[in-house]
Amino acid sequence: MVEVVNSLALELAFVEPDKDTGLLPINNFLLQIEEHCQKTPPAPEIVSAVKLARACVDKIFDTSAKFDAASVEWLAQWHSWMNTALERCQKEQPLPEFPAAWHAVAAAPAATPPAAAKVPAAAPTPVIAEDTVSPLVLNLGADQELLSEFINESQEHLANIENGVLVLEGDPTNADTLNTIFRAFHTFKGGSGFLNLLPIQALAHELESLLDAARQHKLAISSPIIDIILEGGDALKKFVTQILAQLNGNQAGQPILVPTGALIARVKTILTNPAAPVAAAPKPVEAAPTPAPATEPKLVALPAPTDQDEQSASTAIAAAAKPAAAESAKPAAGNNAAGFVKVDTQKLDSLIDLVGELVISESMVVQDPELLKLPSRHLARNLAQLRRITSELQRTTMSLRMVPIKATFQKMNRLVRDLAAKQGKEVQLVLSGEDTELDRNIVEEISDPLVHMIRN
């Protein structure tokens with residue numbers, strides 16, 4: 001838990017009021033802490049503190065989905081207390097007292113977090129009437145296997161949506177990319193409908209209709225349309241993340257609440273009157289100014305030898321067209337090859353372990369002194385053939401753990417695009433060596449460091 005809290009602290013260093021930077025990573029780290037509390041329950045005070053942090057983060061998601069000054073201050077205070085508490089736990093010392101403002105909330109974790117009580121509430125922002133949150137309750141008992149398969153497929157569809165949208169940003173008339181994104185939303189709609197995930201189905205249906213209108217040339221792809229599609233993908237990503245958390249035993253049975261009403265209303269408005277200017281859709285306050293034409297694009301290079309999910313609600317002016325990034329994103333938009341099957345990683349690891357034992361056993365047999373004494377050429381040829389087959393089997397199974405770095409690199413496209421828009425600069429992302437293969441564990445671990453490097 002100490003390592004996760006330290007990782008969360010690193011994300012807090014990038015948090016700023018009126019921005020959503022770091023919100024999803026902080027939520028993911030908090031999910032890991034909650035999971036740890038379920039597996040190995042710590043002191044009751046730490047459990048209460050974790051519940052308070054959950055209430056604070058959930059309130060951010062349920063309101064503006066951006067930090068405010070009070071929540072930033074409170075989360076910093078929470079980390080300081082948690083860090084001290086974990087250190088004292090390791091030394092078997094008494095835990096620090098809760099700050100005075102925490103006690104009232106500790107008795108009712110689901111209530112408004114302390115941050116909201118410190119600062120007077122801001123004037124309410126006008127909200128579209130249809131901006132409702134439909135609770136999603138999972139049937140984990142009957143649908144667990146189907147939900148797991150739905151999550152596995154969703155990860156690929158989300159990547160296709162994000163990479164495809166970035167291609168459209170540079171080439172709005174790309175028919176193949178339009179069809180790929182349309183199919184991704186269509187599959188989301190079908191799978192969620194089969195599993196009775198009605199809020200996901202409703203959102204995917206509207207986004208599918210939006211893409212279908214573009215395919216039929218009834219709607220032109222523009223920067224505001226790009227932003228809406230990205231926001232829709234982000235909302236679906238929130239659903240997928242929380243479903244996965246419940247499948248892993250975290251807050252199982254609790255309703256999943258992701259605000260989608262306002263986004264659906266915007267899509268319906270566009271579909272009702274495609275000729276109307278889409279610029280009338282709400283814009284965030286921190287929209288970046290248009291970059292100066294004379295500014296030379298900066299290069300961000302990612303040479304190979306990386307959800308997570310870096311999310312931004314920014315709908316600022318798009319960064320300049322990125323030919324290299326667009327080209328690198330195209331293969332991912334159509335990687336549903338019939339020659340691939342998905343295998344549970346536990347089964348894969350078990351197979352590799354068994355092959356390792358087989359190689360050891362083969363070596364013991366071939367080097368057995370009793371067999372070496374036998375003057376049989378036929379036996380020697382058979383043993384040599386056994387060694388060749390075993391060695392090839394070992395090489396093949398070891399290669400199963402190797403995956404290209406390409407998918408990890410392409411996740412950076414969205415991050416660079418949003419950072420460029422926020423900073424008001426033109427940035428061209430150059431990807432090199434995407435076909436390089438690494439062990440999948442290394443690929444998973446390298447993603448977060450790359451995100452921090454690009455941010456800095």
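**Ground rules.** I am working with a predicted model, where local features need pLDDT of at least 70, side-chain atom pairs count only at pLDDT 80 or more, and totals for chains, interfaces and linings use all residues. I number residues from 1 along each chain as its sequence is written, and side-chain values use heavy atoms, with hydrogens and water left out.

**Overview.** I found 18 helices and 4 strands (DSSP runs, H or I of at least four residues and E of at least two, numbered from the N terminus). Of the 456 residues, 43% are buried (under 20% relative accessible area, 1.4 Å probe, protein chains only). The protein exposes about 23,700 Å², with 57% supplied by carbon and sulfur atoms (Shrake-Rupley method, 1.4 Å probe).

**α9 and α11.** I looked up helix α9 (residues 198-215) and helix α11 (residues 261-272), which pack at about 30° with axes 10 Å apart (axes are lines fitted to C-alpha atoms over the stretch in contact; angles run from 0 to 180 degrees between N-to-C directions). They are therefore roughly parallel (under 35 degrees). Contacts (heavy atoms within 4.5 Å) involve residues including Leu203 and Leu207 in α9, and Ile264 and Val267 in α11.

**α13 and α15.** Next I checked helix α13 (residues 345-366) against helix α15 (residues 377-399): the angle is about 160° and the axes are 10 Å apart. This pair is therefore roughly antiparallel (over 145 degrees). Among the residues in contact I noted Leu351 and Val355 of α13, and Leu386 and Leu393 of α15.

Technical notes: Buried < 20%, exposed > 50% of the residue type's maximum accessible area, 1.4 Å probe, protein only. Parallel < 35°, antiparallel > 145°, perpendicular 65-115°, else oblique.
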